[in-house]
Amino acid sequence: MAIVGSDGLREEVLAGLRGTPRTLPPKLFYDARGAKLFEAITRLPEYYPTRTEVEIFRKHLPEMARKIGPEAVVVEFGSGSGEKTDPLMRALEDPHAYVPIDVAEEQLERVAARMGQRFPSLKVCPLPADYTRPFTLPPAAIRAGRPLVFFPGSTIGNFHPADGAAFLENARVSVGEGASLLIGVDLRKPRAILEPAYNDARGVTAEFNRNALRNLNRVLETDFEPEAFRHEAVWNDEASRIEMRLIARGPVTVHLPADAEGARVEEIEFREGDPIITEYSYKFTLDRFEALTSEAGWDRVESWSDPQGWFAVQFLRST
């Protein structure tokens, strides 16, 4: 299975591996195996974001549905397993359509099929796409109804702040006039809580991280040896982010094959200890997040949080 949005992937990967610091795009995590690994991560005792966000939804969903209003067109970026989507759709008044967007095609198909079975009168329009790039909503979804961007899980934290603002602005423009946004936001908290969430004792996150290399080998026929890299996730307090990396255990040489258009074979060398950054996960204060969304053309209407103040779900409208 090719990665959705893989046009230009070779150039993107090469630029990342030649850069300083070396990087790989997080979308490489999410083949079918990676999607299952991430679902397993969300159930780990150390991983607080999912269960905390789910509890916020359980407590405040009726109020959220009233804010959203009737005949919503729910456009979900990164549909995932649908754990938070099903309750939302049940709470909404006469939703018009559901448009899940994801790079993991197999999981997207499963979610779309399940939603179609559970909500027979709902238009379900799955869109296999990289939602960080420009996209066009299916015509059947946008004929009527109020567009709602649904972006749970604090995936917004995987963007550099400036890129996150640009992404949210693009989302507002893409879904059209009168858009609203329901988004999950992971908040700053002590290092003792943050770092274990990305370094679980069972090593599931480590496997998820190395899965980016396995997926890259499959899609671009590189020759990474995943076990030649160890997983590391550390909290950078100054930048307010978790930095997830793969660290070379020793000297490694990796080859990126030539492509059909005649690009030459590329050789990338790693020394022992050299890192590849696979993901940033920014954590926000409420004020900092309001500044980011305001820059992107969204006005905060309401914010809900857990008693510990670890996570927030916010409802915003386009300005």
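Thr42 is buried, with a relative accessible area of 17%, which puts Thr42 below the 20% cut-off for that class. This residue lies in helix H2 of what is a predicted model.

**Thr42**

- The side chain of Thr42 reaches back to the backbone oxygen of Glu39, at 2.6 Å.
- Leaving aside residues up to four places away in sequence, Thr42 touches Tyr47 and Thr50.
- Between the C-alpha atoms of Thr42 and Arg317 there is a separation of 29 Å, and the two residues are 275 apart along the chain.

**H2 against H9**

- Two packed helices are described by the angle between their axes and the distance between the axes.
- For H2 and H9 the angle is about 165° and the axes are 9 Å apart. H2 is therefore roughly antiparallel to H9, because angles over 145 degrees fall in that class.
- The crossing of H2 and H9 is left-handed.
- On the H2 side the contact is made by Arg33, Gly34, Leu37, Phe38, Ala40 and Ile41; on the H9 side it is made by Val204, Thr205, Glu207, Phe208, Asn211 and Arg214.

**Glu207 in H9**

- Glu207 has its place in helix H9 and is one of the H9 residues in the contact with H2.
- Not counting residues up to four places away in sequence, Glu207 touches Arg33, Leu37, Arg214 and Glu227.
- The side chains of Glu207 and Arg214 make a polar contact at 3.4 Å.

- Helix H1 spans residues 9-18, and its buried residues are Leu9, Arg10, Val13, Leu14, Gly16 and Leu17. These residues lie on the same side of H1, because they cover an arc of only 165° around the axis.
- An α-helix has 3.6 residues a turn, so residues three or four places apart point the same way.

**H1 against H9**

- The axes of H1 and H9 come within 11 Å and cross at roughly 135°. That angle makes H1 oblique to H9.
- The crossing of H1 and H9 is left-handed. Leu9, Arg10 and Val13 of H1 make the contact with Leu216, Val219 and Leu220 of H9.

**Backbone geometry in the loops**

- Most residues other than glycine have a negative phi, and most peptide bonds are trans.
- The peptide bond joining Thr20 and Pro21 is cis, with omega about 0°. Pro21 is found in the loop between H1 and H2 (32-42).
- Glu221 is not a glycine, yet its phi is positive, at about 60°. Glu221 sits in the loop between H9 and strand E7 (229-236), and it is exposed, with a relative accessible area of 60%.
- Ser240 likewise is not a glycine and has a positive phi of about 60°. The loop that holds Ser240 runs between E7 and strand E8 (241-248), and Ser240 counts as buried, at 11% relative accessibility.

How values were computed
Residues are numbered from 1 along each chain as its sequence is written. This is a predicted model: local features need pLDDT of at least 70, side-chain atom pairs count only at pLDDT 80 or more; totals for chains, interfaces and linings use all residues. Side-chain values use heavy atoms; hydrogens and water are left out. Buried means under 20% relative accessible area, exposed over 50%, partly exposed in between (1.4 Å probe, protein chains only). Helices (H or I, at least four residues) and strands (E, at least two) are DSSP runs, numbered from the N terminus. The arc is that of the directions from the helix axis to the C-beta atoms. A polar contact is a pair of N or O atoms within 3.5 Å; within protein, one must be able to donate a hydrogen and the other to accept it, and residues adjacent in sequence count only if both atoms are side-chain atoms. Contact means heavy atoms within 4.5 Å. Axes are lines fitted to C-alpha atoms, for helices over the stretch in contact, and angles run from 0 to 180 degrees between N-to-C directions. Angles under 35 degrees count as roughly parallel, over 145 as roughly antiparallel, 65 to 115 as roughly perpendicular and the rest as oblique. A crossing is left-handed if the near helix is turned anticlockwise from the far one by less than a right angle, and right-handed if clockwise.
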